[in-house]
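Me: Can you take me through the ring contacts in this one? Keep it short, please.

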Amino acid sequence: MIGPLREEIVSLIPSMKLYHNVLYDKEIKKIKELANPKLKRLSIDTNEDISLRKVASFRKHNDEVFETIHRRLAQISSKPTTNISDKYVVTNYGIGGHYLPHTKHIDDDHLINSKRQNAIVIIHMDDVPKGGATVVPDVKVCVPSVKGSALVIYKTGNTFTPIGKFTQYGSCPIIYGDKWTLTAWFK
């Protein structure tokens with residue numbers, strides 16, 4: 001269990017919330033240890049440029065730490081664990097690392113996809129001293145990378161566009177420091 005959960009509303013439209021102290025130091029250390037040997041550059045990217053980052057993918061059953069995070073995300077979303085994707089992506093951005101604003105992700109078949117998800121969760125695993133903020137340019141939102149925090153960006157939608165769409169989001173270049181994130185999705 002996590003609590004009391006500190007929730008900060010970042011934006012109403014699109015709905016964006018920032019949760020503090022979602023991951024603990026011991027969990028962050030374990031995730032980095034698991035990810036380090038698996039990190040690799042993607043052979044396909046959602047941007048036309050080559051983003052400077054390395055990724056490793058995991059399933060919730062790969063380690064107890066992912067099972068714990070899975071239950072914690074269910075608390076954040078107020079949904080059953082079946083509504084949380086069991087895929088987790090660890091990303092490491094070094095100096096100059098960035099990710100241009102985008103709306104899509106790479107699915108299990110290595111295809112670019114943004115269907116079947118209602119929200120993206122970006123969990124920061126480092127304090128980045130300079131650069132590395134997650135940005136949402138359409139609404140001029142900039143969220144710094146704060147260790148242990150989780151940014152949830154929900155799909156937008158209304159009665160005229162009930163299916164909804166993701167707002168573009170990206171990561172600013174790292175000027176000083178190192179940025180690690182853990183990404184998950186709400187179904």
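**Rings and charges**

Reply: Lys-179 lies over the face of Tyr-93, at 5.2 Å from the ring centre. A charge sits over a ring if NZ of Lys or CZ of Arg is within 6 Å of the ring centre and within 35 degrees of the ring normal. This is a predicted model: local features need pLDDT of at least 70, side-chain atom pairs pLDDT 80 or more, while totals for chains, interfaces and linings use all residues. Numbering runs from 1 along each chain as its sequence is written, and side-chain values use heavy atoms, without hydrogens and water.

Me: What sits over the ring of Phe-58?

Reply: The charged end of Lys-38, 4.3 Å from the ring centre.

Me: How many aromatic pairs?

Reply: The count is 3. Rings of Phe, Tyr and Trp (its six-membered ring) pair with centres within 6.5 Å; planes under 30 degrees apart are stacked, over 60 edge-to-face, the rest tilted. Tyr-154 and Phe-186 have ring centres 6.4 Å apart and planes at 45°, so this pair is tilted. Tyr-154 is in strand β12 (residues 150–154) and Phe-186 in strand β15 (residues 179–186), 32 residues apart. Strands are DSSP runs of E, at least two residues, numbered from the N terminus.

Me: Is Phe-186 buried or exposed?

Reply: Phe-186 is buried, at 1% relative accessibility. Tyr-154 is partly exposed, at 22%. Buried means under 20% relative accessible area, exposed over 50%, partly exposed in between (1.4 Å probe, protein chains only).

Me: New topic. Which strand does β8 pair with?

Reply: Strand β8 (residues 119–124) runs antiparallel to β12, with 5 bridges. Pairing takes at least two DSSP bridges between two strands. Ala-119 has Tyr-154 as its bridge partner.

Conventions
Helix = DSSP H or I, 4+ residues; strand = E, 2+ residues; numbered from the N terminus.
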